[in-house]
Each structure stands twice: as C-alpha cells, then as structure tokens.
Amino acid sequence: MVEFEDLIEELDKLGEKERSKEIERVAKDCVCPHCPSYNECADKKLEYAFCITGKSDGCIDTELGCLCPTCPLAQEYQIGVMYNFYCIRGSEKEQKVN
Ligand code: SF4
Ligand code: SF4
C-alpha cells in the first residue's frame, strides 16, 4: 500500500501544472465542498484537498465540523482521524511535525 507520505513526496517532485493535475486526480472525491466549515469564498477560489495543499487561503476560518474522515482519499490512505480540519490547521504533513 502506498503511504500518504509517499504520495506527498511524489507530488512534490512534479512541476506546478502536473502537480495540480495529479491532485485533481487523487482528490477527485474530496468531500470538502459538502462540509459545514466550507464556505462561498473557498468555493469561488476552487479550494479543496487541504490535506495535501494546507490551509485555506484566507477563506475558511471557523471549525464547524470536518468531513475528512468520510472522504475516500482519507480512507484509502488512512488519514483524517488523528489529524483533520486541514483547511484551518494545515496539511497532514504540517500537523504531523507540529
Ligand atoms: S478540511 Fe475538513 S473541515 Fe476543512 S473543508 Fe475539508 S472536510 Fe471541511
Ligand atoms: S481528506 Fe479532507 S481535505 Fe483531503 S481530499 Fe479528503 S475531504 Fe478533502
């Protein structure tokens, strides 16, 4: 099984365009847009996949619940339980080192 850290490492090797494309592929079922914490500002900026990309860019600032544990990507890579609220607290990698 590919670990989440390995996925991040692979993504970090890619150029900006390829990275975005690959994130789009791996996080295609990201449930953030259905989450109570998600808002219009984040929607306008097409923000998602915070577990990979880190905090919301000034849009999401209130923790009203996190759906990450129910996300297919989180389940595949066994993330989203110990760390979550990625849009506010930072990516899985960032939270792990803090
Ligand atoms: S990271 Fe969690 S709290 Fe933030 S929008 Fe996604 S599901 Fe909601
Ligand atoms: S774990 Fe959370 S932030 Fe990551 S893709 Fe799933 S819903 Fe989105």
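Leaving aside neighbours within four places in sequence, L7 is in contact with V2, V26 and Y77, where contact means heavy atoms within 4.5 Å. L7 belongs to helix 1; helices here are DSSP runs of H or I with at least four residues, numbered from the N terminus. L7 counts as buried because its relative accessibility is 8%, and buried means under 20% relative accessible area, exposed over 50%, and partly exposed in between, with a 1.4 Å probe and protein chains only. From C-alpha to C-alpha, L7 and G58 are 26 Å apart in space and 51 residues apart in sequence.

Before I continue, a note on the source: this is a predicted model, in which local features need pLDDT of at least 70 and side-chain atom pairs count only at pLDDT 80 or more, while totals for chains, interfaces and linings use all residues. Residues are numbered from 1 along each chain as its sequence is written, chains are lettered from A and ligands numbered from 1 in the order in which they are written, and side-chain values use heavy atoms, with hydrogens and water left out.

Let me turn to R25, in helix 2. R25 counts as exposed because its relative accessible area is 51%. Its C-alpha atom is separated by 24 Å from that of M82, 57 residues apart along the chain.

Next, the core. In soluble globular proteins, nonpolar side chains tend to be buried together. Here the largest nonpolar core has 27 residues, and those with the most contacts inside it are F4, I52, L73 and I79. Such a core is a set of buried Ala, Val, Leu, Ile, Met, Phe, Trp, Tyr and Cys residues joined through side-chain atoms within 4.5 Å. Helix 1 (4–12), helix 2 (16–26), helix 4 (50–53), helix 5 (72–77) and helix 6 (86–89) each supply at least two residues of this core. Helix 1 gives the most, with four residues. Not counting residues up to four places away in sequence, F4 touches C51, I52, L73, Y77, I79 and E92.

Finally, the ligands. Which residues are around ligand 2? They are C30, V31, C32, A49, F50, C51, C68, C71 and A74, counted when a heavy atom lies within 4 Å. By class, this shell has nine nonpolar, no polar and no charged residues. The residues around ligand 1 include C32, C35, F50, C66, C68 and C87. That shell divides into nine nonpolar, two polar and no charged. In this classification, Ala, Val, Leu, Ile, Met, Phe, Trp, Tyr, Cys and Pro are nonpolar, Asp, Glu, Lys and Arg charged, and the others, Gly among them, polar.
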